[in-house]
Amino acid sequence: MNVWFVTGTDTDAGKTLVTSGLLYAARQQQLSTLGLKPIASGSQATPEGLRNSDALALQHQSVPPIHYATVNPIAFAPAIAPHLAALEAGQLLEVSAITHLLRETLSQTPRDFTLIEGAGGWRVPLNAQEDFADLAMALELPVILVVGLKLGCLNHARLTAEAIRADGLVLAGWAGSVVDPAFAANTARFEANIAHLNAKLAAPCLGIVPHLDDPDAATAAPYLSLEPL
Ligand SMILES: Nc1ncnc2c1ncn2[C@@H]1O[C@H](COP(=O)(O)OP(=O)(O)OP(=O)(O)O)[C@@H](O)[C@H]1O
Ligand SMILES: C[C@H](N)[C@H](N)CCCCCC(=O)O
Ligand SMILES: [Mg+2]
């Protein structure tokens, strides 16, 4: 297996930072890479069409290069829940159609290391019946959980890990990203929180990204490792 689904404890948990950092680390090992953001809300209009910053970051870490539309086939302008953005655009997001699209991409673009980033967290809806979780389940992908390290993350991380396993998928690993520097200000407390996550998530830790002044794939990569996957 060389494809993983990346979810998070929430929106703004650091999924894109960790995903692009892992892809960067893979590239440093001379692996071919692919980062996909199949559904993106929060996109800017450009002469080429809608562009989403997560998808652009993942496209940038995909080597050999790949077309934007392959990385992000479904884009909406408003930065809102994707099922509502779809509704406003007169579209219906369906797991079966998205699964078909992704299977095609994965078979036509085989890479050593592929990451598919969701949007928000595990139970973010795609439509009234289906969630991003259903997409990961349909594709039978192992899951990487990105924990946005801030007060409240222990509960969010444990609930998400429980949900992933209850849905029958493998939690292949987790990574932390210090989204709130105050959470890491006291080293002993921070380490106790990380120890709790390690104990309770019971999956390998791919790394802890500290709060970075200039967060991007290159600055996050040194804190991340693909090896446990
Ligand atoms: N370790 C960190 N240090 C500094 N800034 C961070 C860190 N982790 C995340 N951020 C910043 O927090 C914001 C949210 O991170 P990111 O875009 O990776 O979240 P996400 O989980 O991908 O959200 P979405 O659900 O919108 O895809 C970004 O501006 C990012 O640069
Ligand atoms: C626009 C934002 N950055 C994300 N792409 C979408 C987050 C959806 C969250 C939905 C929810 O859980 O309430
Ligand atoms: Mg993101």
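Predicted model: local features only at pLDDT ≥ 70, side-chain atom pairs only at ≥ 80, totals over all residues.
I start with the annotation. The UniProt record, an unreviewed entry, lists Thr16, Asp54 and Glu117 under "binding site". These three positions are spread over 102 residues of sequence, yet they cluster in space, with a largest C-alpha distance of 8.8 Å.

Take Asp54. Asp54 is in helix 2, which runs over residues 53-60. Is Asp54 buried or exposed? Asp54 has 21 C-beta neighbours inside 10 Å, and the cut-off for buried is 20 or more, so Asp54 counts as buried. Setting aside neighbours within four places in sequence, Asp54 is in contact with Thr16, Lys37, Ala40 and Glu117. That list includes Thr16 and Glu117, which the record also names.

Next, Glu117. Glu117 sits in strand 7, residues 113-121. Glu117 has 29 C-beta neighbours inside 10 Å and therefore counts as buried. What does Glu117 touch, not counting residues up to four places away in sequence? The contacts are Val6, Lys15, Thr16, Thr19, Leu36, Lys37, Asp54 and Leu58. Lys37 is in contact with Asp54 and with Glu117.

Now the helices. The buried residues of helix 2 are Asp54, Ala55, Ala57, Leu58 and Gln59. They pack against helix 1, strand 2, strand 3, helix 3, strand 7 and helix 9.

Let me look at helix 1 with helix 2. Their axes come within 9 Å and cross at roughly 10 degrees. Angles under 35 degrees count as roughly parallel, so helix 1 and helix 2 are roughly parallel to each other. Which residues make the contact? From helix 1 there are Thr16, Thr19, Ser20 and Leu23, and from helix 2 there are Asp54, Ala57 and Leu58. By class, this contact has three nonpolar, three polar and one charged residues.

On to ligand 1. There are 18 residues around ligand 1, and Thr11, Gly14, Lys15, Thr16 and Ser177 come nearest. Helix 1, residues 15-28, and strand 7 are the elements that give two or more residues to this shell. Helix 1 gives the most, with three residues. The shell around ligand 1 divides into eight nonpolar, seven polar and three charged residues. Thr16, then, is among the residues that come nearest to ligand 1, is listed in the record, and takes part in the contact between helix 1 and helix 2.

Ligand 2 has its own shell. Which residues surround ligand 2? They are Thr11, Ser41, Gly42, Ala79, Ala81, Ala119, Gly120, Gly121 and Val124. Strand 7 supplies the largest share, three residues. By class, there are four nonpolar, five polar and no charged residues in the shell around ligand 2. Thr11 is in this list and is also one of the residues nearest to ligand 1.

Last, Pro82. Pro82 lies in helix 4, residues 82-88. With 25 other C-beta atoms within 10 Å, Pro82 is buried. Pro82 touches Ile39, Ser41, Phe76, Leu93, Ala119, Val124 and Leu126, again leaving out residues up to four places away in sequence. Among these contacts are Ser41, Ala119 and Val124, which also surround ligand 2. How far is Pro82 from Thr16? Their C-alpha atoms are separated by 17 Å, and the two residues are 66 residues apart along the chain.

How values were computed:
Residues numbered from 1 in each chain as written. Chains lettered and ligands numbered in written order. UniProt positions renumbered as here; feature names shortened; annotations may be inferred. Helix = DSSP H or I, 4+ residues; strand = E, 2+ residues; numbered from the N terminus. Buried ≥ 20, exposed ≤ 12 C-beta atoms within 10 Å, placed from the backbone. Contact = placed C-beta atoms within 7 Å. Near = placed C-beta within 6 Å. Nonpolar A, V, L, I, M, F, W, Y, C, P; charged D, E, K, R; others polar. Axes fitted to C-alpha atoms, helices over the stretch in contact; angles between N-to-C directions. Parallel < 35°, antiparallel > 145°, perpendicular 65-115°, else oblique.
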